[in-house]
Structure formats: C-alpha cells, structure tokens
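Trainee: I would like to learn how to read a model of this kind. Please take me through it one feature at a time.

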Amino acid sequence: MECVVGLNVIGSKEKVRNCIDACGTPLLTSSVTSTVDITMMIPLLILTLVSLLCSSLAFDLKGRVVWNEICPGIGDLGQAKVVLDNGNLYGSVTRNGQFVIPEVPSGTYILSVVAHDHAFERLRIDVLDTDTLPEVRPYVPGTPLSPPSPVTLPYPITLIPRARYDYYTPQESFNLVGMFQNPMMLLMLGTGVLMLAMPYIMKNMDPEVLQEFKERQAKITDIQSSIQNGDLKTGLSAMMGGEEKTSPAPAPKPQASAARNRGKNKRR
Amino acid sequence: MLTIVRFLWANWHKALLGVPLTRPDFHRTTGAHGATRSVVLTATSNNVIGAVHPENGTVAWRYLFEDRDPVVGYKAYNDRLATLSGPGGATFRILDVNSGHLLHELHLHSADSGRLFEPVNLGVAIAFDDSDKSKDTFVLTNGHTLRRINGKSGDIVWGWTSPDQTSLVVYSKVVTTSDAIYLIGLAKSFASYTVHVSAISPDNGELLSDADVPSSIINGPQGLIVVSHEGTRGKSVRLAWLEQARIHSVALTPQLKDKPTIKKGSAYLQVHDIGLQEKGLFVATKEDGSGRVIRFSEDGALKVFWEFADSVKSPKYTESTYAGGLDKDGWPYIARVYWSHVFRQASAHVLAPHLAEGKGLVTGFTFPFETQKHGIIANVAVDAANPEEFRVLSRLVLTTTTGAVQLWQQDQHQWTREESLADIRVAEMVELPEPQLVASQVGIEETESFGARLRRQLADAQDFPQYAINFAKRFATGSYASASSSIAPASNDTSPLSRDTFGFRKIIVAATSHGKVFGIDSANGEIIWSRVFGLGWAAEVGGRIFPLKIFTTRTVSDGDTPQVVIVGQRKADNSLVDTVAFHIDALTGEDVSGTSIGQDILQGQDVIAGALVEAYLFQDGPTKYVVLLDEYLQVHLFPDTPENADSFHKVAPSIHLPLRTGTAGSHRLGGHKVSPEKEFTGRHIAYPIWTASLPPNEDVRSIVTRPHEPVASLGKVLGNRTTLYKYLNPGVVVVLTSTSTPSGPATSCGVYVIDGTKGTILYHANLPAAGGVCDVKAAFTENWLVYHYYDDGSANADQAKSYRMVSLEFYEGSGVDDKTSSSDLSAYSNDTTRISVYEQSYVFPRGISTITTTSTKFGITVKDILVAGNNHQVQSFPRRFLDPRRPNRKPTAEEQEEWLIQYDPLLPDDPKRVLSHRYQVARIRKIITSPALLESTSLVFGYGVDLFFTRVAPSKTFDVLNENFNKAQLVLTVAGLALAIVITKPMVRRKRLRERWYAS
C-alpha cells in the first residue's frame, strides 16, 4: 500500500514516522523529519519523496485498552487481541494496554476485541487513502455499514472494558423466609387462613349476603367442574348465562327473606 | 438459565501445551529477596510457548500463537522471554517469564516479505545485551537484518541490514560483547558453506568489520558453536566448527583479524550445542561415539576437559543424549542420558566441572524409565543443585517420542505430562458396563437343605437393621443419585470400571498422532490406560501412524466388554503408506486380536497396502465390522472373517457411497455402488454411478454426514394442527466446496445439500470467501442444517460485515401435511427431491473453530448447537433462537403455541450459556457428543490443544428430580398439613356435634 502524506502537517509527520518505523532505515530519519518542518513550503516534493521511499507500506493502527474497575490489568484480561473483521489483521494487548495492528490497508473495518472474560464495544474503522488519521466510529453489530454513524471517536483508539461475563447463576438454597415469600406459598397460606376463619366470618355475616355468597360459590364450582370435564361450552354459557338467570328471576328473593326470617326466628 | 450452575461440578478441563519441539529449558529467576523460582520453558508443535512448574508439572502460563504466526525462536534472559514468530521472524514479542504477560509486541516486517528458511529457526536469532542493565535485545530476522530493541519502551533503537541482501550470506547467530555484536552466518560456495562474520557496533549499528573465515562446512549452521568466556579482560568469544573431522576455531574480535586454528588430536564426528556456550562448554562426539566435554579455557584455547566413561558406541546401550544446565549460583552441569538395553533402564551421568577442585565430578544414577509406555527419550534438560561438597542432586526433564514430558529427581519419578493429548486425531466415547452385582447364591437354592437355608437367611437378616437405618436415612435426607453429583470415583477406588446411575461416566478412547492411544475416564479426565502403537514391519525403518477413524465395534449392550477399532495410516520413513487397524478392548486397552504380548507395544493389522479412501462402520444385527475402501475402491473388511464377508455380500447391492476423490485442490464428489459379486481380485469393488455436476474449478473440501441417531418424531405439528413432515432421506449429505482460480486464493465458497444416492442437488448456497479462504463450518442433524461463515460484505455495498450463522430445515413435499415418507422411499423415487426448505440467517457474535449438535439417547430432547469460539470458550446456542421458522413480525397466537419468537437478526450472546465458563479452553478442534442413559442429557467432549468435558441438558433435566427441588419444603409442608389436621380434627368434631345438637 502507498503511504501518502496529506497537507495536514501534524498528521503528515505522524505518517512519515510511521513509514520510517516500518522501513527501519535509520539514515532517513534525520533528513525526512527536518524536511517535514518545512512541509508547508514544499509539500509536493516530500510527498513524492516519501511515497517513493516506502511505497509498499500501510497504516499501523494504534490504540489502547483503558484499565478500569471491570478489568484492572492484563492479569485479569488474559491473553487478548484486537482484531479487524475476521481476524486476518490483529494486534495483541500488552501489559500497559496498548496494541498496534500493523500494516492495515485502506478500507472499512470492524474492530473487535477477542477476550475470554470481558465484553468490549465494537468500532468501525475507516483507514483512508487521502487523510492521514483513520476515522473511528461506534458500531452496533448487525447494522448496515452505510450510512456511517455521524459520531466519530478520537484516534488513537480507546477501548474500555464494558462488562465482565457472568457465567454463573447463584445456586438457590433453602431459607424459610424465602419459602414464605413464594407467591404459591402465600396463596396457600391465605387459603389456609381463610379456610380456618371462614366459619367465623360466615357466622358474623349478614344472612342475606351469605345467601348470595353461597349461590355465587355454587355457580363457580359448577363452572369449575364443567371446565374440568372439558366441557368448555357449558362452562362458558354458565358464566354468560349466570347473570341473565339471576336478574330476571326475582323468585328466590322471598325465599331469601324467608330464610332470613327463619334464621332470625331460630336465633331468638 | 440454571443449567450452568447445575453442571458446574460435572465438567473438567485439562490445560495442555503441546508436544515440545525442541529441548525444554530450565529457567531460573531471582526475586527481590534473593529467592529463586524456576520454570521449564518449552515451545511446542501446537504453536504455544509455555512454562511448567517443575515442582508439580502444572502449567504456570502459556502464550498461544496464531496458526499463521509460527514461533521460530525464543530466548529467556532474567525475567523476560523474547520470541520471534512468523515467516523470517516477522513479529517480535517480549513476555514476562514468570507470568507470561505480554510486555511488548513489535512488527518487524510484513509476512509477505519474510524469507522462509528450512529449518524455520535458520536466519533468526535473539541475543540480550548483558553488558549493562538496559535490557535491550538484539534481534536477527530474515537472515540479514539486525535490530536493537529498547527493553523499556519496546522501540527500535537502530537497525542494520546487510548491504547485499542478494548475496548468499544467511546469518544465523548473534553474539553480544560490549565492543561489538557479531553476526555469524554461512555463505554458500560450490560444494559447501563458508563461515561469514560481521562485527557491528552495539551503540549505533554501524558495521565495524566484515570477514569471510576460510572454512568449508557441509552440514549447515547446526555445526557452528560460539563459546564465550568471561575473563578478567572482558568477554572473549571464539567460534568453533567441525571441518573434516577436526574442530576448527577462530577468535572473534571487532577487527576480525584472527586466523582459524585447528585443534590437534582426535577425530570428531559431531559437535553438540548443550546450551552452555556462554560458559564456554560444549560436547563433541568422537568417531567411536565417545563424548567429550570441550572447554574454552582462560588462555583462549579449546581444551578437552572430560571424556565420559563407557560412552563408546555399543549394542548394549543407545547413543547418549547430552544436555547442559545451571544451578542457582550459575555453575554449569552437563548430563549424559542413555538407555541400557541390558538393564532395561535409563542411566544419567551428571558432570559438575567446577567440583573436585576444578577437576570435575561425575554423579551417576539409573532410573526406571518406562519405554513401553513412553517410547524413546527424545530430549533432555537438566537442572542441578550442589547442597554439599561431592554431592550433586539433579533434576531431569525428558521429552519422549510419544509426546510425554517427565521430570525425574535423581531416580524418583516426579510427574508426567501427556502432551500428545494436545494432538488427538480421533476420539470416541464408549459406554461402560453396569457394576457387577454379587450373585453368589443364584443356582444353589434348589440343592441346599432347610437348615442351611435357614442359617444363610439368618446370616443375611443380620444386615437388616443396617439396611433399615440406611433406608430411613436416605428417605429423610434425600441423598439420591442426582444429575449433578460428582461421578468421579474415590481416589482409592479399586473396583473395576463401571458406569454410574445415569450413564454419565464413559471412557473416552482418544488416538493421537504421536503413536499413542489413551483411555480417559470421562468423570475426571484421568488416564486409565494408554498404549503405544506398534509400527509393524516399518519398525525397522521408522515411521509414524496417523489415526484417521475410530469405530465402536462392540458396545456394552452387545453383552460383553466394549471394543473399538482404530483405523490409521502408517507413513514409513521409506515413503510407503499402509492402512493399519488396531482392535482394542476399550476398558483395558488390551489388544483384542491377540497379536501383542501383554502390555508391550500394541500391534496392529495391515489391512490395505496403500492409502485409505474412506472407512465405514457396518452393522448387521449384532455384528459390527469396518468396511474400508482403498485407492482402487476395492472393499476390505475388518475383522475379515467369513461371517462378515457373507454379511457384506448380502447387503452389497444396496450400498450407495458418496465419495470425495481426487488430488489436493481438485477433489471431486462422486456416487458409487458396490459390485454385487466379488471381482477376480477376490474383492468387491465400488464403481462410480454419478458425479456431482460442479464447475471444474470447484474443489470439494469436505462432506458432512448426518450422525446415526434415532429420530424421535417424523414431523412437526404446527399451531394450526397441521404437520410438517421432516425430510429424512438417509442418503443426504452436505458438501462444502471452494471455488478458486488456478493456484490462486478462493473466490467463493459453496454449501450443497446433495442426495448421495443419485447426486441431485437439493440446496445450494454461494458464500463469500473472506480473505481468499473458505472457512465454512457446518453441522447437520435430522432435517436441520446449520452453517457458519464470515460475510465480508463484498456482495452488497451497504451490508454489514459479520459472522453469519444460517439455519435450514428441510421438510417433505410442498408444504404442510404433504407426506412422502422420505426416510423409507426408494432412492429412485421422484419424491426424494420434492422438498420445501425453510432458511434464516443470523448475525453470529464471533468466529468459531468447530460446530456440532448435542445428541441424546432417543432424540426426544431438543438439540442445541455447540460451538468452540475463537475466544477459547465452548458455548451452546439453543435451537429456539436458531429456528428458521421464526416469524418476521410479532408471533401470532398459533406461532406462540409453537414457542416461536420474533426474528431478530442478532443471535444473543449469553455468557450463561458458556459451557466452559471460566476455563480457557484453547483451540478446540472438534467437539464430540454422546448420549447418556438419561434422555435429557448429552455428554460433550472437546479436544484441540486442551481437553474439555461437560454435560448439557438442552431441555433441562426433565427426567430427573430437579436439583433445586426443595425436599425440606416438601417435608415441611406435609408436616404442616399433618399438624393442621391434628389441630382442626377436634375442632371439626366439636362443631359437628354442636350442629347435631342445635339442628332443627
């Protein structure tokens, strides 16, 4: 790949250094850096010079992993690498968190971190032919690459450990309070209490209300039994028709009053 | 969600390094308080550099290198380890020697510009600057570039490249002194090599001088030895080499003015670098085989310091292996190790040159090395201590030809690491028999008298109270066999191998490419037995056996001990290839065929004199046998008995075989039938009936077949009470292909589903070849195919780049309720191609190295997909998420009834489904699954560099009481209800009584 220097002075210096690093020719260092200082004057000359000198080079993508409380250091992270796309280009994370992905040709890449225990965000990296610094953008997996996200992140790349994978679900152990907090258990207790208290409640209830209550209960048991028998239709009709039956038939009323009278009589 | 917790105790992981490629090194570091720590460093054939604790043989740390970044050199100095990897040493890394943490990584040149040498470590070298505390490193790469790399920042200080790279000088050694850095290489001349030395300034990398040393070396740079000596006038260095059976040497000075001198005296055959060059010591063997220690003495000459007694070549013992080591004060020791054919023991002689007033002291001992179990000693490393005058204690690390690494402290065996397990080729889980019940009284009941019977029954009844107590205890505490309890036997358990209640315990038979087969207990990963493969006739010339297939030819349900057959290819050193079969008892590792004697080397049987094309297991009623096809597609049977031949003759006309044939790069797929009658050669022969109509530049990479598993249901009932019938044509195979331009990288990859009986293509997908490599992984079970690939977005400009997982289901006919009975259809019916395909693609979180499905006893349980990810995890992905029928909208009530969820392109990456949880399961190459006795549970064994075993229950353990089942709660509830009855009973009785009294 070509190593083209743009007009941005700071950027071009960095790029030139990059080229020199990769060329590994110490003799060039002094001459090129001194010429860069006067880049504004004769940029074209240097451009051609540098691109001639290291025309078979590409960009070295640099960045670092920021240690935080989720991942305090390399001992926690383990052997990890930062990969572009499917891992043909990669750099390993060193003890101080830095990484370099060498010789990245221009193009669009998805950067991800391959680590055993930690989750990192994914980034979209555009290494450009024209500009000196690559563009870094956040990337959500599964979304299309174009249009690119309007948010750009600074370069060198900063990667922050987002989460530590939690592989375990805590084992449930037996505790009495927990047992009674269980809704099923609460329901059971409630019915139990109701069952015990029912006779007393019934006793103190208004006999008319009691009668109504008994009727309704009978209806419910009726519906329940029909559902249990798989006879949904009757159950439903019982549910639907229940209201109708009760409202047009005022007949039970005197019965109820009679019952009340009788009950009253009995008590007296 | 609770699956992971429940199976927490049920898994094990074995971290391995791989078989050491070179001699391991003892490396000792001194801590802050003067305490020393030592580790055994090794670079392995699995491309791993690792450190092992010498005390117990556990892995201290390891660093895994990528496959395309092979380690070409490493060197440890003080607390750091420098490595060079990639072609020509493209990448330089510095690791912390105690923790394995990466300190610096530096890319030196692109992989394309790397020069490939043979051997790979030629042209690369590492030297540390020991003149000051700068920790700088001098690195030679590509055979002609030297760089000084700053120890603190990891940056290049200077670089020097040989001005004439086109010349034939290839440097291979770097030696540092405070005055100059010497690069020593060989220049090719007409019939031999000439030594070429360059001296370079350590400060600025300028060439000080350059000289050809008059010499003629025949056998390459291995014979070059640089000895140095730290004298009063600084470090003096001398280069020695063997030329015409004489040791020549020349002093290295910055001006390179010295003329070579020839050492007079004996003729030598070989010089050995024993790692003590910096101490001025090396070993040379004379023409009669005796080994001599040669020392670079104070006065600058090479002198014979010692000759090992009885080291002359002899039929009584093997050739000696020499190794050097340092004690904690830095004194050198030299060990000579050999195997005595007479005493059947290994011997070691350790020379301490500084003892006995500088005359040298030899300590000897023999140790019982098991050559039947571990093969031949390949390499030796030595570490010694000198606790008192005239006493030397030594530790030896041995590596063997079968890939074992052992540590011996004098004659005491300390530990063995079976590193060949990092190179398992084939493995199979074999069921264990039930525990043997004591049935001594059976059969004598009719004959015994009344008195005897009474006595016996009384004796039996004595145990009754104990039994009753146990029963009550068990009832109250509920300690039943549970699905998660450990099935590992107690360490002192000597009872024969038997399975546990749920069949979780199996024996894993694993064959490695280092000529060894292991029986591994799946409960805890212990090696129960191991056997070394015999080479047959090739034992005389040497060779290797590469296991290709493993078959269980007899299982426990057949009524006897289980047996396995391992089919392997033997490559003899004279380039002859044979196919060999080993027939083993899976419980003990004994040879079933009876040709091997006792626990001696396991002898196989030559089945085919030539290469193997394919092997299958055939089952005819209770008998199972292996059918092998040779290059001429002739059928061979193993075991070759008349019954098996008859059985095969009967089924031969109905056999259809899709085969992958051809040479590398142009493999074709063809369907074959087997001739119903034997040919004149006395064998059945397979003949082609169809060839897949693939383009000529499409290479068949692999064929994925369906595992032989029971299918519980033939259809799938949908929410609207219609049925989709599964397409279960038994002949269907999945074919993975790659299309490439001639001798270029792959341009696209293909996935085909082909009816193997007549070659009809049922499904075809073209996938992008990311980076010119086809890396499609597929799993196929029942009517469900899942494949994984990387989509580089090249097909569509705005499409995302990501790993994809595609899930496919095949159903009979054109839609619902269209049944064609595909599993029983004739191969020639037109209905076999009438299918409907459901397909859905998902974005997968990461790259994978292998994919498989779970398997259970009856196939009722839902199948999960198991993958080994590139982040060293084994993870399961539930079928529910991969269902190709997930709707693209909110599911309707009918779809909800089927448990379908709305389609989401992203597959959730749930860490709770990581089966290997915190274990770093490195580079799993293959995962095999096997059913347990419990229908809900599948056993999972993954192997690659590491071994990993676990159990999974994709539908939860529905057939066993839940681990979280609260027995206490049940008991409490029952007790509470009983109490309530006790309390309410009198109340009710009183109430009834009152009601009677006051009734009207």
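Trainee: What is the mean pLDDT of chain B, and what share of its residues reach 70 or more?

Mentor: pLDDT is the predictor's confidence in each residue, from 0 to 100. The mean for chain B is 86, and 94% of its residues reach 70 or more. This is a predicted model, in which local features need pLDDT of at least 70 and side-chain atom pairs count only at pLDDT 80 or more, while totals for chains, interfaces and linings use all residues. Residues are numbered from 1 along each chain as its sequence is written, chains are lettered from A and ligands numbered from 1 in the order in which they are written, and side-chain values use heavy atoms, with hydrogens and water left out. The model as a whole scores ipTM 0.85 and pTM 0.83.

Trainee: Over which residues of chain B does pLDDT stay under 50?

Mentor: Where pLDDT is low, the predicted coordinates should not be read in detail. In chain B that applies to residues 1-8, where pLDDT stays under 50. The model has 30 contacts for them beyond four places in sequence, a contact being heavy atoms within 4.5 Å.

Trainee: How many residues does each chain bring to the contact, and what area is buried?

Mentor: The size of an interface is often given as the accessible area lost when the parts come together. Here that loss is taken with a 1.4 Å probe and summed over both parts. Chain A brings 51 residues and chain B 59 residues. About 4500 Å² is buried between them, with 52% from carbon and sulfur atoms. Q79(A), H116(A) and Y167(A) supply 16% of the area that chain A buries against chain B, more than any other three residues.

Trainee: Which residues of chain A does the UniProt annotation "transmembrane region" cover?

Mentor: UniProt positions are given in the numbering used here, feature names are shortened, and annotations may be inferred rather than shown by experiment. The unreviewed UniProt entry gives residues 38-59 and 184-202 of chain A. In the model, residues 184-202 of chain A are 100% helix and 0% strand, with end C-alpha atoms 26 Å apart.

Notes. Buried area is the accessible area (1.4 Å probe) that two parts lose on being put together, summed over both. Helices (H or I, at least four residues) and strands (E, at least two) are DSSP runs, numbered from the N terminus.
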